[in-house]
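Let's take a walk through a protein chain together.

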Amino acid sequence: MKLGISHKRLAVLVAIGLVLIGGGWAYVHFSFSRPVGEGPAGPAVPRDAFQKPWTERPVLLVGLGDSIVAGLGASRLERSFFNRMIANPKDEFPEMRGVCLAAVLPNLRHENLAISGTTSIQHAQVVEERLQPQDSDMFGLVVMTTGGNDLIHSYGQRPPREGAMYGASLEQARPWIRNYEERLGAMLDDITARFPGGCEIYLGDIYDPTDGVGDAPSVFLPHWPDGLLIHAEYNRAIERVAARRPNVFVVPLYQTFLGHGSHCRQFWRETYAASDPHYWFFTNIEDPNDRGYDAIRRAFLVAMVEHSRLRASSEASAGKTLPAKET
(Lines give C-alpha, C1' and ligand atoms only; values in the text may rest on other atoms or scores of the structure.)
Protein backbone atom coordinates (compact mmCIF):
# COMPACT_ATOMS: atom_id res chain seq x y z
CA MET A 1 0.00 0.00 0.00
CA LYS A 2 1.40 3.36 -1.05
CA LEU A 3 1.31 6.14 1.56
CA GLY A 4 1.85 9.92 1.26
CA ILE A 5 0.58 12.69 -0.99
CA SER A 6 1.36 12.85 -4.66
CA HIS A 7 3.14 15.89 -6.02
CA LYS A 8 0.04 16.80 -8.01
CA ARG A 9 -2.24 16.63 -4.96
CA LEU A 10 0.29 18.58 -2.90
CA ALA A 11 0.38 21.30 -5.55
CA VAL A 12 -3.42 21.50 -5.52
CA LEU A 13 -3.47 21.78 -1.72
CA VAL A 14 -0.81 24.49 -1.79
CA ALA A 15 -2.76 26.39 -4.45
CA ILE A 16 -5.95 26.16 -2.40
CA GLY A 17 -4.07 27.36 0.65
CA LEU A 18 -2.64 30.33 -1.22
CA VAL A 19 -6.08 31.25 -2.53
CA LEU A 20 -7.54 31.08 0.97
CA ILE A 21 -4.70 33.14 2.41
CA GLY A 22 -4.98 35.66 -0.41
CA GLY A 23 -8.74 35.84 -0.07
CA GLY A 24 -8.44 36.34 3.67
CA TRP A 25 -5.87 39.09 3.16
CA ALA A 26 -8.07 40.80 0.57
CA TYR A 27 -11.12 40.58 2.84
CA VAL A 28 -9.28 42.13 5.77
CA HIS A 29 -7.52 44.73 3.61
CA PHE A 30 -10.62 45.96 1.80
CA SER A 31 -13.03 45.63 4.74
CA PHE A 32 -11.08 46.53 7.86
CA SER A 33 -7.91 48.31 6.73
CA ARG A 34 -8.76 51.96 7.19
CA PRO A 35 -5.65 54.15 7.05
CA VAL A 36 -6.28 57.79 7.91
CA GLY A 37 -3.66 59.22 5.59
CA GLU A 38 -1.93 62.52 6.15
CA GLY A 39 -1.96 66.07 4.86
CA PRO A 40 -4.90 68.27 3.90
CA ALA A 41 -8.39 66.85 3.42
CA GLY A 42 -11.59 68.10 1.90
CA PRO A 43 -12.56 70.71 -0.69
CA ALA A 44 -10.35 73.57 -1.79
CA VAL A 45 -11.21 76.95 -0.29
CA PRO A 46 -10.72 79.99 -2.56
CA ARG A 47 -7.87 82.02 -1.08
CA ASP A 48 -8.86 85.21 -2.88
CA ALA A 49 -12.01 85.43 -0.76
CA PHE A 50 -9.85 85.95 2.33
CA GLN A 51 -7.58 88.71 1.05
CA LYS A 52 -9.57 91.61 2.49
CA PRO A 53 -12.14 92.16 5.27
CA TRP A 54 -15.75 91.17 4.66
CA THR A 55 -17.12 93.70 7.17
CA GLU A 56 -16.12 95.96 10.03
CA ARG A 57 -19.32 95.09 11.90
CA PRO A 58 -19.18 93.17 15.18
CA VAL A 59 -19.78 89.51 14.37
CA LEU A 60 -20.54 86.69 16.81
CA LEU A 61 -19.70 83.18 15.65
CA VAL A 62 -21.80 80.66 17.57
CA GLY A 63 -21.36 76.89 17.59
CA LEU A 64 -24.49 74.86 18.31
CA GLY A 65 -25.28 71.17 18.31
CA ASP A 66 -23.47 67.96 19.05
CA SER A 67 -19.95 66.52 19.29
CA ILE A 68 -19.00 67.47 15.72
CA VAL A 69 -19.18 71.17 16.59
CA ALA A 70 -17.82 70.47 20.08
CA GLY A 71 -14.73 68.85 18.51
CA LEU A 72 -14.77 65.34 19.98
CA GLY A 73 -12.15 63.24 18.19
CA ALA A 74 -9.73 66.08 17.42
CA SER A 75 -6.24 65.37 18.73
CA ARG A 76 -6.02 68.95 20.02
CA LEU A 77 -8.74 71.52 20.58
CA GLU A 78 -7.17 73.88 18.03
CA ARG A 79 -7.74 71.18 15.40
CA SER A 80 -11.50 71.08 15.91
CA PHE A 81 -13.33 72.49 12.93
CA PHE A 82 -14.87 75.33 14.99
CA ASN A 83 -11.52 76.59 16.24
CA ARG A 84 -9.82 75.98 12.92
CA MET A 85 -12.42 78.14 11.19
CA ILE A 86 -11.59 81.02 13.51
CA ALA A 87 -7.79 80.94 13.32
CA ASN A 88 -5.11 78.77 11.74
CA PRO A 89 -3.23 76.38 14.04
CA LYS A 90 0.54 76.69 14.19
CA ASP A 91 0.99 73.66 11.92
CA GLU A 92 -1.51 74.86 9.31
CA PHE A 93 -1.18 73.60 5.74
CA PRO A 94 0.47 76.18 3.45
CA GLU A 95 -2.56 76.68 1.20
CA MET A 96 -4.78 77.46 4.21
CA ARG A 97 -2.58 79.97 6.00
CA GLY A 98 -4.56 83.18 6.33
CA VAL A 99 -7.75 81.41 5.22
CA CYS A 100 -9.84 81.81 8.35
CA LEU A 101 -12.59 84.03 9.71
CA ALA A 102 -10.25 86.11 11.85
CA ALA A 103 -8.57 87.27 8.63
CA VAL A 104 -11.79 88.76 7.22
CA LEU A 105 -13.81 89.65 10.34
CA PRO A 106 -11.67 92.02 12.43
CA ASN A 107 -14.39 92.42 15.07
CA LEU A 108 -15.11 88.73 15.52
CA ARG A 109 -16.22 87.18 18.78
CA HIS A 110 -17.01 83.50 19.25
CA GLU A 111 -18.88 81.19 21.58
CA ASN A 112 -19.22 77.42 21.28
CA LEU A 113 -22.39 76.08 22.94
CA ALA A 114 -22.20 72.60 21.39
CA ILE A 115 -22.32 69.61 23.75
CA SER A 116 -21.07 66.14 22.87
CA GLY A 117 -23.67 63.38 22.93
CA THR A 118 -26.69 65.66 22.67
CA THR A 119 -29.72 65.24 20.43
CA SER A 120 -31.90 67.73 18.58
CA ILE A 121 -34.33 67.68 21.52
CA GLN A 122 -31.56 68.95 23.80
CA HIS A 123 -30.31 71.42 21.20
CA ALA A 124 -33.66 73.20 21.25
CA GLN A 125 -33.25 73.58 25.01
CA VAL A 126 -29.71 74.93 24.63
CA VAL A 127 -30.89 77.59 22.20
CA GLU A 128 -33.72 78.59 24.52
CA GLU A 129 -31.68 78.63 27.71
CA ARG A 130 -28.13 79.57 26.70
CA LEU A 131 -28.14 81.59 23.48
CA GLN A 132 -28.47 85.18 24.61
CA PRO A 133 -30.34 87.83 22.56
CA GLN A 134 -27.88 90.17 20.89
CA ASP A 135 -27.80 93.92 20.25
CA SER A 136 -28.96 95.18 16.89
CA ASP A 137 -25.41 96.05 15.81
CA MET A 138 -24.24 92.43 16.21
CA PHE A 139 -24.35 90.10 13.20
CA GLY A 140 -24.58 86.37 13.88
CA LEU A 141 -22.76 83.55 12.13
CA VAL A 142 -24.08 80.24 13.44
CA VAL A 143 -22.57 76.83 12.63
CA MET A 144 -24.60 73.83 13.63
CA THR A 145 -24.89 70.03 13.38
CA THR A 146 -27.97 68.39 14.84
CA GLY A 147 -29.82 65.13 14.38
CA GLY A 148 -27.00 62.60 14.03
CA ASN A 149 -27.36 61.42 17.61
CA ASP A 150 -31.13 61.12 17.16
CA LEU A 151 -30.30 58.39 14.63
CA ILE A 152 -27.39 56.56 16.21
CA HIS A 153 -28.41 56.45 19.86
CA SER A 154 -28.63 54.02 21.65
CA TYR A 155 -26.56 51.97 19.22
CA GLY A 156 -29.13 49.18 19.10
CA GLN A 157 -28.73 48.39 22.78
CA ARG A 158 -32.24 49.55 23.77
CA PRO A 159 -35.62 49.62 22.03
CA PRO A 160 -35.83 52.58 19.61
CA ARG A 161 -37.56 55.78 20.70
CA GLU A 162 -37.65 59.42 19.65
CA GLY A 163 -34.18 60.92 20.05
CA ALA A 164 -32.59 57.45 20.14
CA MET A 165 -34.10 55.61 17.20
CA TYR A 166 -31.39 53.13 16.24
CA GLY A 167 -33.05 49.96 14.99
CA ALA A 168 -36.44 51.54 14.22
CA SER A 169 -38.45 50.75 11.10
CA LEU A 170 -39.25 53.62 8.74
CA GLU A 171 -42.94 53.47 9.67
CA GLN A 172 -42.11 53.57 13.37
CA ALA A 173 -39.80 56.56 12.80
CA ARG A 174 -42.14 58.67 10.64
CA PRO A 175 -43.69 60.66 13.52
CA TRP A 176 -40.23 61.24 15.00
CA ILE A 177 -38.98 62.50 11.63
CA ARG A 178 -41.93 64.92 11.41
CA ASN A 179 -41.23 66.12 14.95
CA TYR A 180 -37.57 66.62 14.06
CA GLU A 181 -38.46 68.78 11.08
CA GLU A 182 -40.84 70.91 13.15
CA ARG A 183 -38.37 71.16 16.03
CA LEU A 184 -35.50 72.11 13.71
CA GLY A 185 -37.59 74.81 12.02
CA ALA A 186 -38.61 76.28 15.37
CA MET A 187 -35.01 76.19 16.55
CA LEU A 188 -33.75 78.04 13.47
CA ASP A 189 -36.45 80.69 13.89
CA ASP A 190 -35.55 81.07 17.56
CA ILE A 191 -31.87 81.53 16.68
CA THR A 192 -32.72 84.12 14.02
CA ALA A 193 -34.90 86.07 16.45
CA ARG A 194 -31.97 86.43 18.85
CA PHE A 195 -30.03 88.39 16.24
CA PRO A 196 -32.13 91.45 15.37
CA GLY A 197 -29.15 92.80 13.43
CA GLY A 198 -29.24 89.76 11.15
CA CYS A 199 -27.68 86.32 11.12
CA GLU A 200 -26.74 83.42 8.86
CA ILE A 201 -27.04 79.82 9.93
CA TYR A 202 -24.81 77.19 8.35
CA LEU A 203 -26.38 73.80 9.03
CA GLY A 204 -24.46 70.63 8.33
CA ASP A 205 -26.39 67.66 7.03
CA ILE A 206 -25.70 64.19 8.44
CA TYR A 207 -22.85 62.07 7.10
CA ASP A 208 -22.83 58.28 6.82
CA PRO A 209 -19.84 56.27 8.18
CA THR A 210 -20.81 53.35 5.90
CA ASP A 211 -20.31 55.37 2.68
CA GLY A 212 -23.93 54.93 1.65
CA VAL A 213 -23.83 51.13 1.87
CA GLY A 214 -25.83 50.87 5.09
CA ASP A 215 -24.06 47.79 6.45
CA ALA A 216 -23.93 48.81 10.09
CA PRO A 217 -21.76 45.83 11.12
CA SER A 218 -18.95 47.39 9.05
CA VAL A 219 -18.82 50.06 11.77
CA PHE A 220 -19.32 47.49 14.52
CA LEU A 221 -23.01 48.21 15.11
CA PRO A 222 -26.02 45.89 14.92
CA HIS A 223 -27.76 45.39 11.59
CA TRP A 224 -30.38 48.10 10.92
CA PRO A 225 -32.50 47.29 7.87
CA ASP A 226 -34.16 50.73 7.58
CA GLY A 227 -31.19 52.77 8.76
CA LEU A 228 -30.33 54.33 5.40
CA LEU A 229 -33.99 55.14 4.69
CA ILE A 230 -34.41 56.99 7.99
CA HIS A 231 -31.05 58.71 7.58
CA ALA A 232 -32.12 59.95 4.14
CA GLU A 233 -35.42 61.26 5.54
CA TYR A 234 -33.56 63.25 8.19
CA ASN A 235 -31.37 64.84 5.53
CA ARG A 236 -34.42 65.65 3.41
CA ALA A 237 -35.97 67.33 6.45
CA ILE A 238 -32.82 69.44 6.82
CA GLU A 239 -33.02 70.46 3.16
CA ARG A 240 -36.71 71.39 3.39
CA VAL A 241 -36.32 73.43 6.55
CA ALA A 242 -33.35 75.34 5.12
CA ALA A 243 -35.06 75.97 1.78
CA ARG A 244 -37.88 77.82 3.56
CA ARG A 245 -35.49 80.24 5.27
CA PRO A 246 -33.34 82.67 3.27
CA ASN A 247 -30.68 82.94 5.98
CA VAL A 248 -30.12 79.17 6.42
CA PHE A 249 -27.64 77.26 4.24
CA VAL A 250 -26.98 73.52 4.21
CA VAL A 251 -23.34 72.43 4.37
CA PRO A 252 -23.01 69.11 2.49
CA LEU A 253 -21.20 66.92 5.03
CA TYR A 254 -22.90 63.80 3.67
CA GLN A 255 -21.45 64.31 0.20
CA THR A 256 -18.10 65.54 1.53
CA PHE A 257 -17.54 62.36 3.58
CA LEU A 258 -18.63 59.80 0.98
CA GLY A 259 -15.68 57.54 0.26
CA HIS A 260 -14.02 58.23 3.61
CA GLY A 261 -15.95 55.83 5.82
CA SER A 262 -15.80 52.09 6.41
CA HIS A 263 -15.48 51.30 2.68
CA CYS A 264 -12.77 53.82 1.86
CA ARG A 265 -10.43 51.10 0.48
CA GLN A 266 -12.99 49.47 -1.81
CA PHE A 267 -11.96 50.81 -5.20
CA TRP A 268 -14.88 49.19 -7.04
CA ARG A 269 -17.50 51.37 -5.36
CA GLU A 270 -18.83 54.57 -6.94
CA THR A 271 -17.95 56.47 -3.76
CA TYR A 272 -14.26 55.51 -3.93
CA ALA A 273 -12.13 58.65 -3.60
CA ALA A 274 -9.04 57.76 -5.63
CA SER A 275 -7.17 60.97 -4.73
CA ASP A 276 -7.61 60.38 -0.99
CA PRO A 277 -8.85 56.84 -0.18
CA HIS A 278 -8.59 57.32 3.56
CA TYR A 279 -10.71 57.12 6.69
CA TRP A 280 -11.86 60.43 8.17
CA PHE A 281 -13.54 59.09 11.30
CA PHE A 282 -12.37 58.88 14.91
CA THR A 283 -12.12 55.56 16.76
CA ASN A 284 -15.67 55.96 18.13
CA ILE A 285 -16.97 55.71 14.51
CA GLU A 286 -19.43 58.61 14.74
CA ASP A 287 -17.06 61.60 15.06
CA PRO A 288 -14.33 62.86 12.72
CA ASN A 289 -10.59 62.53 13.18
CA ASP A 290 -8.21 65.43 12.52
CA ARG A 291 -8.43 65.07 8.74
CA GLY A 292 -12.20 64.81 8.94
CA TYR A 293 -12.31 68.04 10.91
CA ASP A 294 -10.10 69.70 8.31
CA ALA A 295 -12.61 68.65 5.64
CA ILE A 296 -15.54 69.97 7.71
CA ARG A 297 -13.76 73.28 8.33
CA ARG A 298 -13.25 73.67 4.59
CA ALA A 299 -16.84 72.72 3.73
CA PHE A 300 -18.23 75.34 6.11
CA LEU A 301 -15.83 78.03 4.85
CA VAL A 302 -16.73 77.25 1.23
CA ALA A 303 -20.42 77.62 2.12
CA MET A 304 -19.73 80.98 3.74
CA VAL A 305 -17.74 82.19 0.74
CA GLU A 306 -20.63 81.20 -1.53
CA HIS A 307 -23.51 82.56 0.54
CA SER A 308 -22.52 85.10 3.19
CA ARG A 309 -24.02 88.53 2.65
CA LEU A 310 -21.14 89.91 4.69
CA ARG A 311 -18.83 88.97 1.86
CA ALA A 312 -21.48 89.93 -0.69
CA SER A 313 -21.48 93.47 0.69
CA SER A 314 -17.70 93.57 0.47
CA GLU A 315 -17.75 92.29 -3.11
CA ALA A 316 -20.53 94.70 -4.08
CA SER A 317 -18.45 97.63 -2.90
CA ALA A 318 -15.72 96.36 -5.23
CA GLY A 319 -18.17 96.13 -8.15
CA LYS A 320 -18.74 92.37 -7.99
CA THR A 321 -21.93 90.41 -7.32
CA LEU A 322 -22.64 87.06 -5.68
CA PRO A 323 -25.52 84.74 -6.65
CA ALA A 324 -28.64 84.86 -4.51
CA LYS A 325 -29.87 81.75 -2.71
CA GLU A 326 -32.06 79.55 -4.89
CA THR A 327 -35.52 78.84 -3.48
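A residue is called buried when its relative accessible area is under 20%, exposed when it is over 50%, and partly exposed in between, using a 1.4 Å probe and counting protein chains only. By that rule phenylalanine 50, at 4% relative accessibility, counts as buried. Across the chain, buried residues make up 51% of the 327 residues.

Before going further, a word on what you're looking at: this is a predicted model, where local features need pLDDT of at least 70 and side-chain atom pairs count only at pLDDT 80 or more, while totals for chains, interfaces and linings use all residues. Residues are numbered from 1 along each chain as its sequence is written, and side-chain values use heavy atoms, with hydrogens and water left out.

Strands pair if DSSP finds at least two bridges between them. Here you'll find an open sheet of five strands, in the order S2-S1-S3-S4-S5, with parallel pairing. Strand S2 (108-112) and S5 are at the edges with a single partner strand each, so one side of each has no neighbour in the sheet.

Look at S1 (residues 59-65) next. Seven of its seven residues are buried, so the rest of the structure largely encloses this strand. Both of its faces are covered: Val59, Leu61, Gly63 and Gly65 are buried on one side, and Leu60, Val62 and Leu64 on the other. Five bridges connect S1 with S2, and leucine 61 sits opposite histidine 110 in S2. Seven bridges connect S1 with S3, where valine 59 faces phenylalanine 139.

Carry on to S3 (residues 139-145), which pairs with S4 in the parallel sense over six bridges. Glycine 140 has cysteine 199 in S4 as its bridge partner.

What about the helices? Among the buried residues of H8 are Ile230, Tyr234, Ile238 and Val241. The buried residues of H8 pack against helix H6 (148-152), helix H7 (170-193), strand S4 (199-204), strand S5 (248-251) and helix H9 (253-257). Contact here means heavy atoms within 4.5 Å.

Rings of Phe, Tyr and Trp (its six-membered ring) pair if their centres lie within 6.5 Å; planes under 30 degrees apart count as stacked, over 60 as edge-to-face and the rest as tilted. The structure holds eleven such aromatic pairs. In one of them, phenylalanine 50 and tryptophan 54 have ring centres 5.5 Å apart and planes at 45°, so the pair is tilted. Tryptophan 54 is buried, with a relative accessible area of 4%. Tyrosine 166 and tryptophan 224 have centres 4.5 Å apart and planes at 40°, so this pair is tilted too. That pair links distant parts of the chain: tyrosine 166 is in the loop between H6 and H7, and tryptophan 224 is in the loop between S4 and H8, 58 residues apart. Tyrosine 166 and tryptophan 224 are both buried.

Technical notes: Helices (H or I, at least four residues) and strands (E, at least two) are DSSP runs, numbered from the N terminus.
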